[in-house]
Amino acid sequence: MLLSKCIECHGEQDPEGGLNLTTIEGLLLGGDSGPAIVPGKPDESLLIEALRYESYEMPPSGQLDGSQVEGVAAWVAAGAAWPSGLKLEKVSQIEEGDRDWWCYQAVADPAVPDVDDQGWCRNEIDHFVFQRLSDDDIRPASQAEPRKLARRVHFALTGLPPSDETAAMLQGENEQWYETLVDRLLADSSYGENQARFWLDLARYADSDGYNADHARPEAKHFRDYVIRSFNEDKPYDRFVLEQLAGDEVDPGNRDALIGTMYLRHWIYEYNQRDVEGQWAQILNDVTETTADVFLAQGLKCARCHDHKFDPLLQRDYFALRSFFTPLLPREDQPVADLPTRADHYEQQRIWEHATADIRQRLHEIETPVLLEKAGGQGFDKFTDEIQTLVSSRRDEISPYEYQIVALTIRQLEIKPEKLPEWLDEEKEVERQKLLKELSEFDSLKPEPLPTMKFVVSDVGPEAPPTFIAGVSDTTPIEPAFPLVLGDDRPDIQPPAEALQSTGRRTALANWITSKDNPLTARVMVNRVWQQHFGRGLVENTSDFGRLGTPPSHPELLDWLARRFMDDGWSIKKLHRRILTSATYRQSAERPMNEQLAKLDPQNVLLWRQNPRRLSGEEIHDCVIAASGELGPQKRAVYQTVKRNALDPLLAVFDFPDRVESQCKRHRTTTSPQSLLMMNNPWVHDRARELLADIGSMSLHSLVEEAYERLYFRQPSPEELDMALGFIESYEADVEIPEPPNPLTSMPSGVPAIQLSPEKAVSIEVSPLPELLDPEHNGDFTIEATVMLHSLYRDASVRTIITGWSGSQSQPGWSLGVTSTKSGYQPRNLILQLIGSRDDQDSKPEYEVIPSNLRLELNKPYRVAVSIDLDNVAEAGITFYLQDLSKPDVEPEVAHVAHQARWNVQSNRPMEIGGRGKHHRWDGLIQNVRLHRRALSRADVFADPQDSADLLLDIPFTDIENLGQDQSGHHHHATVTHRDTPPLASPAMQARTALIHALLCSNEVIYVD
């Protein structure tokens, strides 16, 4: 009775209530409430009280029958005889009935049902769904309207709103428009960006460690990009799994395969954790539990401390699975080379090591004690003596497990070998230098270093550290094995080539997971994709198929899809297409729930309609920037840095997870903080202004129609149009605009100009000029400006006239300005900073300064210009002009200067006039700025009137009512912003901005039907 009913909770390891019932000593000692038995006195024994349900009620699952209880009472009354030294131990075992649970059964290949659907079914999925509905006399919903269906499938596959191309497709007469659209979206690169976020949730991907310090992980982004690439390439799912679990063993020369192993690095990490062994155990637990959740949907975490209480998962299963990962070693120096190259390198390295063993041994004796004593970071002396001894040892002196602990400890230390000459005494340093010279004599034996990769994993070596179950008396190591409920087949572990120094355990695990005979893997992934499209999986808990969840709502459909998924070469794109082209998916979400449906299926488990869906935070972000015209490469939310302790506010309020643990399904809340953030977040207000900047010149009717099209993918109704016009009218009438400070003053000639100063900063920005970014454009351009400079910086900063550059010397751009006091090019020098490609169009941008050696006097008006002919790298390539306007009819000074950049000098960022960011600001007047799309000659620059055929930008700062308005006809207007004040805008523009902002904050933006 004790074995079968009690020691599950009151065993030797962590007994509940402190009561250990495995020995007579435990019974007599008792737990928190006192002794469990008093020999000879059953009525005074707490155990008997509990079994009789007189006080405690044990076992909690239900009272034992009377004969069992009285049998135990009789044993106590007779003196509670107990064989000497006997300890009760539960024998973990799987009974045949445990394998009857649906997920442990082999994946079937059920026949597609014959149904009387009257033409509703579009593919096999619909037959299974229709049959299930028919069993309860329910008819499916009608198909969604084309525009709603198009918007739904756009977000489902790409996470983006429909495009103009989709709108045009709907206006055509192609009856197969929907299937064509699905295929187009699956082929679009935005598909991978959207699909990746589901996997990143599962893999608990983040760009920081977590815990309080939450240090950055700059290499983690490569895993994100790998996942995006993998989905876009439609990498077979079995290969995708194999790379993440064992890419280093199966394809060591493939960078993508190695990046895949970053899956095994996304555990949280505490930089200053002194309990290194405890943290390593937690890391292995995390990897084990995440793998069981993600690939197998088995809640193995509950079996870490004892056999699972509900599912046939044993504690031994937990540690047998963990044993596959026990050899794991985090690497920041993983070689990237194919097997033959690795083998050659390994053999040559062994030769060198053998030849230099004595020298390196003595160097270790001299260097290591000093390096560790002087180590920065957390400090070597903070660790236990045992850890210090291990870290001080050479690798061949310690076990594989001990080396893992050393490697984790070293991450907390800052070792500075370059400081050894000043730390060592003279005698030791002389000896060290002699040894280093001797070592260098063997350089010819040492192989050339291989390229390496950071933030990945390998095994610690070909010998795996032993795995033990903590807290049990049996100290026999646990060997790798699969959960016993899935059979008793032993893993086929084939050690890889010696050069890889690995065990092959993770490859064996990956091969078993991706075997078509595994009943879990295909079902799990199919179910995850189904959940994406219907909001609920065919199995509701997508990461736990155990008994605490619910069986599949459509078990035959799940198996049929799993079988097709494997037969289709594990193609995820084909799985998406099959689901999305079904009539089931195309159903309307607007079918009302009648009395029959409310009674039979209020949760829509049977799929009698589509489920409306609130967009994720990433989709909301991307929808808004797509509408405002700001969507571009690397602009989507998926590329934002994920800092576990400081999530993006917009994403966080819309239930973005902290990525500490694997997340199979996000919450879908609708809360007041979401509305408040959308209404008050400056980012959303800025997007409204950007959207208006794109469409603000339209008529009011056209503006409203265009906004509805971009945000909702539909036209406004007459009532909505009237409401929008009424809103504009009332807002415009009520708005009060404070009189902005007038930034205009006059040049000596009396012509108005804008006054700029670093102390009273005015920001002047112009959106990127698409004409300059056109790949067909040869890159030539000319800049003109009329300026007057009042002062110089005291340092080497530049007084900027106009710039199209971020300030980073590794990013393309250009900047025209005047040097200051401590410049290496001497003060008051008109210069062009140019950052572009030199060798060819694909080479990285490089920075150069092109000085004109034409100098501006302070407080004098000048006309300045620079003509840039990128192809011509001779002296005629860059021509500067400087004309002193304080002297009538003076000839301009001219300077011709060579340059090196020939391509890619334009950046996709706003141009700034009068400054670059918060620094390098102009101090003085700027009357106008012009930009032409070709390199003008001297005659062109000073022609009167000037030829405007290639004029892209012409902004005079002469009229306060039209400040920043582009006169070129291209509408490249500048936004003029005073410090701490919004851009200058008329009441009409403010009213339009408010309308756009209100439309952005509506429910229709964040929900799809």
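Predicted model: local features only at pLDDT ≥ 70, side-chain atom pairs only at ≥ 80, totals over all residues.
Two residues are said to be in contact when heavy atoms lie within 4.5 Å of each other.

Helix H22 spans residues 521-534, and helix H24 covers residues 572-580. Two packed helices are described by the angle between their axes and the distance between the axes. For H22 and H24, the axes come within 11 Å and cross at roughly 45°. Angles from 65 to 115 degrees would count as roughly perpendicular and those under 35 degrees as roughly parallel, so H22 and H24 are oblique to each other. The crossing of H22 past H24 is right-handed.

Which residues bring H22 and H24 together? On the H22 side, the contact involves Met525, Val526, Val529, Trp530, Gln532, His533 and Phe534. Their partners in H24 are Ile572, Leu575, His576, Ile579 and Leu580.

Attention now turns to the cysteines. A disulfide is a covalent bond between the sulfur atoms of two cysteines. How many disulfides does a search of the whole structure find? The count is zero. Cysteine 302, for instance, is in no disulfide, and the nearest cysteine sulfur, in cysteine 305, is 9.4 Å away. With a relative accessibility of 43%, cysteine 302 counts as partly exposed. For cysteine 664, the closest cysteine sulfur belongs to cysteine 302 and is 14 Å away, which is too far for a bond, because a disulfide needs the two sulfur atoms within 2.5 Å. Cysteine 664 is also partly exposed, at 27% relative accessible area.

How values were computed: Residues numbered from 1 in each chain as written. Heavy atoms only, no water. Axes fitted to C-alpha atoms, helices over the stretch in contact; angles between N-to-C directions. Helix = DSSP H or I, 4+ residues; strand = E, 2+ residues; numbered from the N terminus. Parallel < 35°, antiparallel > 145°, perpendicular 65-115°, else oblique. Left-handed = near helix turned anticlockwise from the far one by under 90°. Buried < 20%, exposed > 50% of the residue type's maximum accessible area, 1.4 Å probe, protein only.
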